[in-house]
Amino acid sequence: MRKCIAVGLVVAAATAAAPSAMAQQPAPAPTPAPTPAPPSTGKEMPAPDKPLIAAADANKAVLAAVAKAAQKTECDGVVRTLQTVLPFATVSIDDRKRALIAMQRCANLSKRWRAVIWSTEALLKIDPTAASPDDEIRALVEMGEISAAVERGKKLLKLYPKSRNELTAAVTFLYCKQEAYAECVKASQLGMQMLSKAGVAPTAEPYLKNQLLGMGGLIGIGDFKGFDAQFAAATATLKAAGKPVEALQSLRRLADATQQRGMYLRLTPSKEMPLGVYHLMNQPDGEALLAVRLVNHQKTPRTFRVELDVAGVTDTKVATFTATPGKVVDIKVQPTLKIDFKIDSVRAPRPTQVNFKFIETTGGKAVTLIDETPQVDLLPRDYLPLHRVVGADSNKATFSNLAAWVTPNVKTVDEFLAKAKDRAPDRTFAGKQRATVPQVAALFDELKARGVSYVMDPDVLSERLKVQRTRLPADVLQSSNAQCLEGTLLFATLMESIGLDPIIVLVPGHAFVGWGTAPKDKLALPALFVETTMVGNATFEQAVRVATQRVQQEGGLGNFDTGVSKLIPLKALRKAGVTPQPY
């Protein structure tokens, strides 16, 4: 992605030359209309004259939320209230600190990881000793931001050396969350040793966090004697201090079940089956319909079989594997769609039954260990997954899925290109073998001649939307309007169809497209961009100028560096295995 960003910044720096370069192409019919204004950035909105919430009201709400948190009720509501009112409150430093501590604890309980990070950062500025900085590292890990968690941990250690004790638990959590069981146990033991030498009591939170995390690791490696010793010690410590032992009981149940089976077993079924990207779910970094992790704790190899199907939708997938002692086995189970399954018949999400069996076949004897029929939500093929939920307030972008909507090998697209070819030089689309600008202009003008219009959608790409209903390019071609993302994917499809390299551009609340230029363009620019929403009311040159200016603006603001905006070359996604929908 860094290479993509670097290319984008080069383009942004060079775009001032674009208008003169465009002038070298045959001029279109003149238009009296001025160049339309670029899409809104939101900066034109006037600042409010007064706070949205009065300070007195905010102060009351803060104190009421802290009281609720002390009663351990409505934790989710406590977090949302404090996030809303704290910026307007004028409470004392002590009350603000109590509010942030309450927010941090409640955010952890309700898995609101962004709120955990926000409250921890605020606490570090007020009183680092009360901040529990390891909670921020945990939140980043839970969100899947492993590299960011490591870098943040180093920075926190440098900025707040007195927080070293708390950060020992963060290191342990990094290993344990990734299920690196041996490393998890080792980090836990080293952390407890270091804390003991520093005079930290076994009842202190940093010590207990390390101990509990390490107990989970002991279950993973099958060291039940070690687990029993730590369980007894932790139970005695907590009871002597008058603290609850509920957290230990869940570990006890997991340890007993694991020991009884002679293996650690984790089954992770997907809650959704998005048909638009189903062909991608079995990739190394994809979320398969079922993921299995197993560690054999017995002294001899064991064999297993997994059977999985989705009623009326897929064939039955049978996966067999051997688990050698002590080795971690990870497999993904992804059944293929039935050949007679009509994918276009699914027009709205619907629950569907999954049939699942986990069978041990060691020694030729089949013993069914698990036989379940959970449900999965079947999502229509035009439901584009743009974010994956990683917490109650946290999503992880899955913008690579956009490439599945770029679908060039479709009859409707071929028919469009046959007509657009009349507008291209020599009635030929030749990709990068010829100048690219006239070819893209031909696509633009053919869409314009059809009376197609594209509109802005302020909610496009919003993190609030886990999936966005986005029609496929073939469907868009058969209509006369589309929102900006649909237009962007249509243009990308047409560009790829004629041998160009599209670049999908995502900026806050908007999407448009670019493409890699060719030597015969004689532009000395690696890429140009076009504002797809201007098909209905502007010339091709105007649309290129506006889009180019927006890329330049985003680059100047550093938004491509920070990830606020993105340049996504389709060629890189194809190389990574993100293929078009095959249906």
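Reply: Lysine 522 sits in the loop between β17 (510-516) and β18 (527-530). Strands here are DSSP runs of E, at least two residues, and helices are runs of H or I, at least four, all numbered from the N terminus. The model is predicted, with local features needing pLDDT of at least 70, side-chain atom pairs 80 or more, while totals for chains, interfaces and linings use all residues. Numbering starts from 1 along each chain as its sequence is written, and side-chain values use heavy atoms, without hydrogens or water.

Look at the backbone of lysine 522. Its phi is positive, about 55 degrees, although this residue is not a glycine. Most residues other than glycine have a negative phi. Now the surface. Lysine 522 counts as exposed because its relative accessibility is 67% (exposed means over 50%, buried under 20%, partly exposed in between, with a 1.4 Å probe and protein chains only).

Lysine 111 is another residue with a positive phi. Its phi is near 60 degrees, and it is not a glycine either. Lysine 111 lies in a loop as well, between α5 (93-109) and α6 (113-126).

Step back to the whole protein chain. It holds 20 helices and 19 strands. Of its 583 residues, 49% are buried. The chain exposes about 28100 Å², and carbon and sulfur atoms supply 55% of that area (Shrake-Rupley method, 1.4 Å probe). Take the contacts (heavy atoms within 4.5 Å) between residues at least 6 apart in sequence: 66% of them join residues at least 24 apart.
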